[in-house]
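Dear colleague,

Please find below the structure that I am handing over to you. My notes on what was found in it follow directly after.

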Amino acid sequence: MRPQIVIFGDSITQQSFKLGGWGAALADTYARKADILNRGYGGYNTRWALFLLHHLFPLDAPTHPVAVTIFFGANDAALLGRTSERQHVPLEEYKENLRKMIQHFKKCSPSVLLLLITPPPIDEAGRFEYARSQYGDKAMQLPERTNEVAGEYAKQCVELAKELGLPSVNLWSKMQETEGWQKKFLSDGLHLTPDGNAIVYQEVIKVFDETSLSAEKMPADVPHHSIIDGKQPEKAFQLQCPAT
């Protein structure tokens with residue numbers, strides 16, 4: 001059975017299997033070597049995601065993922081008193097919710113590789129433009145998210161990873177290293193363009209390549225067609241598929 005790599009998060013993870021998405025790119029990279037399981041839930045914050053842990057990842061499951069990316073914070077950072085306040089989670093609770101997720105996955109499998117990904121930066125003007133295009137005059141007049149606040153959540157995510165000795169991707173900082181990041185990486189001020197997805201993919205692969213999860217080093221699940229003898233095909237399958 002192939003190893004499983006789970007990508008767990010909000011809409012930025014859910015949408016990552018679209019054309020040009022970072023999850024789809026991972027699935028392509030690990031084709032025939034590991035299964036990429038998309039467990040992204042649009043609109044979810046860390047508080048709501050905690051209710052999913054035992055449902056999605058039961059402790060007594062017959063198999064557990066070898067790696068999990070945990071990518072939350074964009075919704076937790078929604079501002080109180082604005083249109084998306086229902087999704088708001090206080091900063092300290094956000095950090096503790098991430099800690100609870102980590103503890104759960106470690107209970108499932110002590111050897112699991114956990115990678116924390118911070119929320120992306122926010123293009124406030126882009127969010128307003130998107131709202132105007134969707135709702136016209138009824139659109140929000142004040143931003144429901146700000147880049148400054150998103151940065152505070154990113155900082156807590158990175159600090160927790162350091163505290164627990166886990167790898168992290170500081171997407172909030174990484175994207176802002178590029179001039180014009182607002183339109184290059186964000187489609188609506190929050191969600192990712194193909195270029196934004198490429199950044200996530202590159203950073204995740206960089207972490208995986210430094211571990212035993214490097215796709216180049218992992219064995220394929222079945223023999224490559226080039227080594228199958230047309231007259232005696234069974235020979236190629238004796239080691240990898242012994243029941244054949």
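Of the contacts in the protein with a separation of 6 or more, 76% are between residues 24 or more positions apart; contact means heavy atoms within 4.5 Å. The protein has 244 residues, and 48% of them are buried. Here buried means under 20% relative accessible area, exposed over 50%, and partly exposed in between, with a 1.4 Å probe and protein chains only. Along the principal axes, the C-alpha atoms fill a box of roughly 70 × 35 × 30 Å. The protein contains 11 helices and 5 strands, which are DSSP runs numbered from the N terminus (H or I and at least four residues for helices, E and at least two for strands).

Please note that this is a predicted model, in which local features need pLDDT of at least 70 and side-chain atom pairs count only at pLDDT 80 or more, while totals for chains, interfaces and linings use all residues. Residues are numbered from 1 along each chain as its sequence is written, and side-chain values use heavy atoms, with hydrogens and water left out.

I turn next to a pair of helices. The axes of helix 5 (residues 91–108) and helix 7 (residues 147–164) come within 10 Å and cross at roughly 40 degrees. Axes are lines fitted to C-alpha atoms, for helices over the stretch in contact, and angles run from 0 to 180 degrees between N-to-C directions. Helix 5 is therefore oblique to helix 7, since angles under 35 degrees count as roughly parallel, over 145 as roughly antiparallel, 65 to 115 as roughly perpendicular and the rest as oblique. The crossing of helix 5 and helix 7 is right-handed, meaning that the near helix is turned clockwise from the far one by less than a right angle. On the side of helix 5, the contact is made by Leu91, Glu92, Tyr94, Lys95, Leu98, Arg99 and Ile102. Helix 7 contributes Glu152, Tyr153, Gln156, Cys157, Glu159, Leu160, Glu163 and Leu164. These residues divide into 8 nonpolar, 1 polar and 6 charged, where Ala, Val, Leu, Ile, Met, Phe, Trp, Tyr, Cys and Pro count as nonpolar, Asp, Glu, Lys and Arg as charged, and the others, Gly among them, as polar.

The cysteines were also examined. A search of the whole structure finds 0 disulfides, a disulfide being a pair of cysteine sulfur atoms within 2.5 Å. For Cys108, the nearest cysteine sulfur is that of Cys157, 19 Å away. Cys108 is buried, with a relative accessible area of 10%, and Cys157 counts as buried at 1% relative accessibility.

Three further residues may be of interest to you. Asn197 is found in helix 10 (residues 194–209) and is buried, with a relative accessible area of 9%. Not counting residues up to four places away in sequence, Asn197 touches Ser16, Gly20, Gly21, Trp22 and Leu192.

Val169 belongs to strand 5 (residues 168–169) and counts as buried at 4% relative accessibility. Leaving aside neighbours within four places in sequence, Val169 is in contact with Leu115, Leu116, Ile117, Thr118 and Glu203. Val169 and Gln156 are 13 residues apart along the chain, and their C-alpha atoms are separated by 12 Å.

Finally, Arg32 lies in the loop between helix 2 (22–29) and strand 2 (35–40). Arg32 has a positive phi of about 70 degrees although it is not a glycine, and counts as partly exposed at 33% relative accessibility.

With kind regards
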